[in-house]
Amino acid sequence: MTATLVEETAPPPPAGLADRARRLRRRGRIVALLFALPALLLLGALVVYPVLFSVGRSFFDASGTRFVGGENYTEMFRDPATVKAVRNTAIWVVVAPALLTGLGLILAVLVEKVRWATAFKLLLFMPMAVSFLAAGIIFRLAYDEDPDKGVLNAAAVSVHDVFKDASAYPTARGREGQGLTLAADGSYRTGANASPGDSVTLPLVGVPPKDLPTGTRPAYQAAGRTAVPDELRGVVYLDFTPGGGGTPGEVDRRESGLPQMRVEAVRDGRTAATTTTASDGSFRFTGLDAGSYALRLPASNFAPPYDGISWLGPALVTPAIIGAYLWIWTGFSMVLIGAGLSTLPRDALEAARMDGANEWQIFRQITVPLLAPVLTVVFVTLVINVMKVFDLVYIIAPGPVQEDATVLATQMWLVSFGGGNNQGLGSALGVLLLLLVVPAMVFNVRRFRRSQR
């Protein structure tokens, strides 16, 4: 038996309905375009036009009247300041996003085990509410070299003084013409003319009486004591009589001894004995071999007080500014990674624990791989952000080290408006910065779209 198959097709819609559907679609596009038009106009005026204008301006000279082609781009890489800006930007791109992503991951994992997790997150996220201008001023003060102003140097000085005593006489100096000679290493010494059985006076000046240590006693009685034959003794004193009077080089009744002063007996260039002065400035050496000795006051007695670390010096200014940036953005990184952490399948974590995995193994082999998409987005977002950093560098870095801390954004501003007045070269720097940022932006957008699908 033969069967005939008849293909049935749906009848085409009436022409009127098709035209109506096309008109509705066209009207929908027009309405959507009208709603988007204000945003498109703003985008064109604030983004597209400045980009195109900067690209065109980069091919002209500083005055903008003479076409120079790619001269600005070649000049850009011949300028040492620009090369340093590129190097510093590379340091920012390598260091800051990696540290922030790592800190955010560690804090996000640890916060889950904290009882007051919400309060802790709020505390870490609060710096995001502070403007970069205010944060720059805060850290400019925190990094101040004066320990009385800069909190970091105040802490550094406190820790240093716990382990190493500071000199009590940083301004002291020997009385001229009274037998004390300043050596190249900053110490003071006498000639090799002192022997056991002698009594020596070592006069110093330059110490304000108000700065003398507590418990300081007059040196007059100590200077009047006679040395026994087998000891070499003396007194280190402040050769200054309050209110005037007194004889230089002689210990007067109202002149104070200098306690805690280190004294060395030197013979043939070698230190034979060391002692420290008493509260009246007296000292003595016993058990010395017969012969002549020189007395030396080491340079450590006159060392200036420890003032801390030069945070904003040429060597540390970039790490110091990166530290301020970490303070601001750590909360952002932690919150984003924490949001990704909350979506992880808890059954996988619990299964790993039941199989005997410890927390480090779970973190390394389960948590981090599952969080890889979130970590990548956070890292790339931070890379884009640090390429454009300007405020912190401009505010925190003092003028003398501005060039040591400069990045591409600050260099672009300095060349264009900060004294260089060369907007052609500044536009070339802006184009370079754009070319560096665009690949990271494209990568981030594509990854976001893949995650949406």
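1. Let's start with the surroundings of T406. Leaving aside neighbours within four places in sequence, T406 touches A81, K84, A85, N88, V393, Q411 and L414, where contact means heavy atoms within 4.5 Å. T406 is buried, with a relative accessible area of 1% (buried is under 20% relative accessible area, exposed over 50%, partly exposed in between, with a 1.4 Å probe and protein chains only).

2. A word on what you are looking at: this is a predicted model, in which local features need pLDDT of at least 70, side-chain atom pairs count only at pLDDT 80 or more, and totals for chains, interfaces and linings use all residues. Residues are numbered from 1 along each chain as its sequence is written, and side-chain values use heavy atoms, with hydrogens and water left out.

3. Now the rings. The whole structure holds 17 aromatic pairs (rings of Phe, Tyr and Trp, the last by its six-membered ring, with centres within 6.5 Å; planes under 30 degrees apart are stacked, over 60 edge-to-face, the rest tilted). One of them is F132 with Y325, edge-to-face at 6.5 Å centre to centre and 80° between the planes. Both F132 and Y325 are buried.

4. Have a look at Y188 and F302 too: their ring centres are 5.4 Å apart and their planes stand at 80°, so this pair is edge-to-face. Y188 is buried at 10% relative accessible area, and F302 is buried at 9%.

5. Finally, which residues do ring pairs link into a cluster? They are W92, F132, Y325, W329 and F332.
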